[in-house]
Amino acid sequence: MSESSLILEPNSQTLNGNRGGEKKVMKKSLSVLVAGAMVSSMFASIAFAADTQLTTQQKLDALIAAGIFDKDGTGNGSELDANMTREQLAKILFKLKGLTEVSGTSYGDVAADRWSAGFIQAVTKATPPLMEGQWEGVFNPAGDVTIEELATVAVRALGLQVDSSASVTGKVSDWAKGYVGAALKAGILPNTLTDFTAEAIRSQLVEVTYAAKDIVSVPGKVSVKEAKATGVSKVQVTLDKAVDTAKATLTLKKGAATITTTATWSDDKKTATLALKDTKLSAGDYTVTLGGLEASEIATASASFKAENETVSKIEFVTASEEIAKAPKVTLKIKASNQYGEAASFPAGSYSYLVSANGTNPNLTKGDDGLLQLTLNTSGADLLTGIGVVPITVYHNETRTTVTKTFKVGTEAYVAKVEAAEATYSNERKALASTDDKATIKLTLYDQYGGVFTKDSINATQSNKPNIQALVSPYEPNFKEITADAEFKEITVQLNKNVEKNGEYTITIYAGTSSTTAKVKVESSKVANKVEFVDYAGTLATGDVNKYIVINAYDAAGNKLSADDIVTNAQAGRFSVSINGAITASEATDTSVVGTTGIVKYGEHKGKIKLSEINSPAKGIVYANLGIYTANVQNNATLTVPVVDARVPSSISIDTEAATKAVLGAESKFKFLVKDQYGEKLDSVATSRVEADDYKVVVTVADATYGGLKTQKTGNAVVVSGTEYSATGFADFNAGYIFTTTGVVGKVEFEAKLYDTKTATAREIASVKRSIETVNAATTNLTYSINAITDLFAAQDSALIPAADKADDAGKFGSTLAKAITITAKDGAGNVVALPAKGLIQNVTSSNPTAVTAVVYGAQTEAKVLGNKAGTSTINVLFQTAKGELQTQSVDVVSKADAVAAVTVTANAAKTISSLTGATPPVAVTAVNLMGLKVKDNYGIEFSGANIAKYSNFIGVLYSVSDVKLINPNAAASAADLVTIDQATGAVTRGANVAEFVLKATTNNGKTASTVVTP
C-alpha cells in the first residue's frame, strides 16, 4: 500500500455528506498533519513561544519544525486557507497514535486496496474510535474535514468529557454540539467562530493543533511497567507506551548471567513475551532491561521479578469418560499442570503409577504434546466387558500431587475420532513446490472412550483395524495417492508433478467413524505460465541451417525458469510450437530436441528452439508461435523475423594479427576470416542455395626462404604457389595459420584472395596481405619485459595436491597448478617482436619461497611458479636476450589459500562413439575424451584430459548418464541396455543395444556440462 502525500493538490468538485445528511460541494483539498498530533508524545518535548507572540505562520513553522506538519506542503506555500480530506486525517491519526494497519474494509466507498484503507480501518476500529463513517457503510474518504468533525476527533483523542448540554453560539450539527462545546470549553477552538459545519481551513487547524499542547498529558518517555513469569520458560514484559519494535531490545538476566530469549511483541507494541531458549526459569531474582532506543527516550529501563522452581500443581486424566476400551493396547493421556497452567516439563521418570488390575502391563511415557501417556493391555480374560475395572493412580514423586480414577472396561476398541495437526513441510517455503517436497500431517486416533488408538490397539483378528483414507478438495490430479504410515501416526502429501497455479487444498482424512480436515499449501514452481520470445539478434538467410530462437518462460509467481526447467516443461507437453518459413528440428530425425517442439535438450543451446533449415525464400519471413494452452493457463507469444538472401562470401578480415617482426626460430600465429555480406563469419555456403564451386579462397606465400606457413587446424603446409579452399571448406581457412621463421633474415609476405568463380574467368572479390620481418637479433635493439602472472593457488600447502606435484622440481614444473613465466620483446617503434618459446630463461629465484616456489626445468628452456602457502613473493628472472646478453627483471606474484572452485565447464554438444573407436558395441572410452571436457577454475587454470582425474580432489568431477535410447526397445531387458561409468577412471561402457545417451559431468560445486552421445 503506497502512501499518499500528506499535502495534496486541489481536487475536482465532489459531493461530501455530513452526519445530518446535508450535501455540500468540496471547494478545495489540502492536507495537514493535524489532530492526531494532539495525541502525539512530541508535545511533551516541544517548547513553544507564547501564543500572543506568534503569528499563525510562525506557529505553522514551529509545528513543521516539530515534525507534526509536512514541511514540503504542495509546493504552493503555506496555503493557510486550504482544506484537508478525511482519509488524510485518518492517516495522520494513525501515524501519530502509533497504530497498526488493519486489513480489509468496513466501508463500501473504501476499496480494500485503496492507499488509505488500512489507516481508515485502524482509526475506526481503535478503542475508543478516533473517527467514524459519515453514514452506515460510508466513510467519504475524499470529503473535506469540517470544523465540527475536527472538534470531535480532538475531543476523542484527548479524552475530554463531552458536554451534551453545552450552549454553542453559531451553526453546528446536533450530533456535534457536545463535542464542539467540549472543545470550546477546553480552549482548543476559538469562541469567535460562527459556522462549525464549514470546512476547517489550514490556519484553523494550525491554531487548534498549537492550542492542544497545553492539555496533552501523554508521557514523553517510555518505562518498563512490569515484568513477570507467565510460564516455565516465558516472561511477559509490559511497557507504558508503544515503542519501535524494530529497534527496542529486551535483555533478561538472572544476577549477572544473561539468558538467551526471543521476543514476540503484541499488536499495540506495548507488551512483549520473552521465550527462554533451551532453559527454564528457576528460583531467584530476574531483571528485564529495555534497550535499543535513545537514552533520552527511556524513563525507567528495568523491572525485576522473582521466579520459582517449576512444580506440579495438578494432575488430571484428559478423557472425561469413566470407561476404558478393551484392546491389546490402550493409551490414556494425563496432564500434569505446573503453577502456570502449562503441561509440566518434568520427564515421565518423575512420576509413579499404580494400576490395580492383573496383566495390564502398564507403562508411563511422555508424548510430543507434553502430556503423560499411560499404556495398558485391557484385552485380558479377567477384564470382562462391562464387569472388569482398572483402578489407576498417578502421582508426582516430589510434590506427591496425585490423581486416582477407576475405569470400567468397555467394548472392544475402535476408532471413533481422528485429529490432524497442521501440515509441516520439508522445505523452507512452507508449501509443496516440487515433486521432491513433502507435507506431513500428524494424526492422533482416539477410541470410543477417548483413549489413544495406535497400531498396537488392533486385535489379533484385525477386525478393528481402521481404514484411513484421504481426499483432496478441490480436485487436483497432480497429487499422489495419500496413504497413512504403518503406525497410523501421519499421512504424507506429495505431488506427481509440479502444478501450474498456487492454491490451498483441504485434505479430508477419514478414519473409522470419524473424519477431520487439514490444509496443504501448494505453490506453482518451475511450471511455465507465461512465455516470450527474445528478439532475434542475428540474421536469418534463406538456406541457413541450425539456427536457434531464444525463449523465456516464467512460473505463476513471475520467476524466470532456467533452460533445464524449459526442457522439463517441454517434455511434459506444456508447450505448443509452430513455425512457418523454417523447418523445426524434430526428435524423429534429431534426438537432441524434445518431440516436435524443436526445444533443445542438451548443450550450449539448451532450452532454445532449433531451426534445422530456413526454407523461406529471400524477402520472406520466419513466423514463430509459442503457446501454453491448458484449463488454467492460456498464454502465447509470437515472433516474426525477416529472411534475407542466401549467404555468400563477401570479404576477408583480420581476426588475429600476425607479429610484424620475429627473431629467428620464433612462431607467429594469426587468423583471417571469410565473412558473408552480413558481416558474419562464413565457414560454408548453403549448398541448397549456392554452389560449392561458385567461390574459392587462395592462400599464397611469396617466398618460403624465410620460414614456413601451416594451418592451425590441420597442420598442413601452405605451398608458395597457393593452397585453395572451396566454398564448403572455409572452416579450415578460418581456423588460422602459424608462421615459423627459419635462419634467414628478411621479410616474407603471405596473401589470401577471395574469388567469385561462377564465370569462366574468376573475379577477385577481396584480398588481405600481411608480412612478417625476420630480424637479426644481434643487430636489433629490443626491450624486454616479464609478463604479469595472475594469482596462484597455495597448492603445496594443500593436502589435496597430488604427491607428484610436490616430489621434485620436475613435479612442481609439471603441475597443472603452476603458471609459466613469459617474456615480451618490443622494438624501438613499440612493435611486439615474436620470440622463441624456449631457451631464453636461465634461472629464477623467489624472494619468499615459503609462499611461492620458482622452478626452471629442461636445460634452461622454461620457467614456472607454483603457489606454496598464502603470501606474496617477488620472482627474479635471469634471461638471455636474443643478442646473448644476460638481464635480470622481477615480477610480483600472489599466492592465495582460497579454495579451488570450478568457474566454467565446457564439453562437446554431441559426439559419436565411432569417431573415437570405430569398434562394434560394446565399447569403452573415457568420459573426458568423449566429452572433450574442460574445467576452468577461479585461478584461471584449465583442467582437461588426464588432469580431470588427476586433480579430482580439487574439482571433483562426477559423471552420470540419462536419456538412454535403445536400438531395439522391445528386446528383453539385459546388460546390453546399460551405459556404465567407472568414476575412478572415467571409462564409459556402452551396451550393444544402446543407440544414444546423454553423458553429464558435474563438478563438486555444481557446475555441469552435457554431451549427447550417438553411434
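Visitor: In S9, which residue is the bridge partner of Thr251?

Guide: This is a predicted model, in which local features need pLDDT of at least 70 and side-chain atom pairs count only at pLDDT 80 or more, while totals for chains, interfaces and linings use all residues. Residues are numbered from 1 along each chain as its sequence is written, and side-chain values use heavy atoms, without hydrogens and water. Strand S5 (residues 249–254) and strand S9 (residues 284–291) pair in the antiparallel sense over 6 bridges, where strands (E, at least two residues) and helices (H or I, at least four) are DSSP runs numbered from the N terminus, and pairing requires that DSSP finds at least two bridges between two strands. In S9, the partner of Thr251 is Thr289.

Visitor: Which residue in the turn between S5 and S6 has a positive phi?

Guide: S5 is joined to strand S6 (residues 257–259) by 3 bridges, and the two run antiparallel. They form a hairpin with 2 residues between them, and the turn residue with a positive phi, of about 65°, is Gly255.

Visitor: Why is helix H3 described as largely enclosed by the rest of the structure?

Guide: Buried means under 20% relative accessible area, exposed over 50% and partly exposed in between, with a 1.4 Å probe and protein chains only. The buried residues of H3 include Phe119, Ile120 and Val123. Helix H3 (residues 117–125) is largely enclosed because the number of its 9 residues that are buried is 8.
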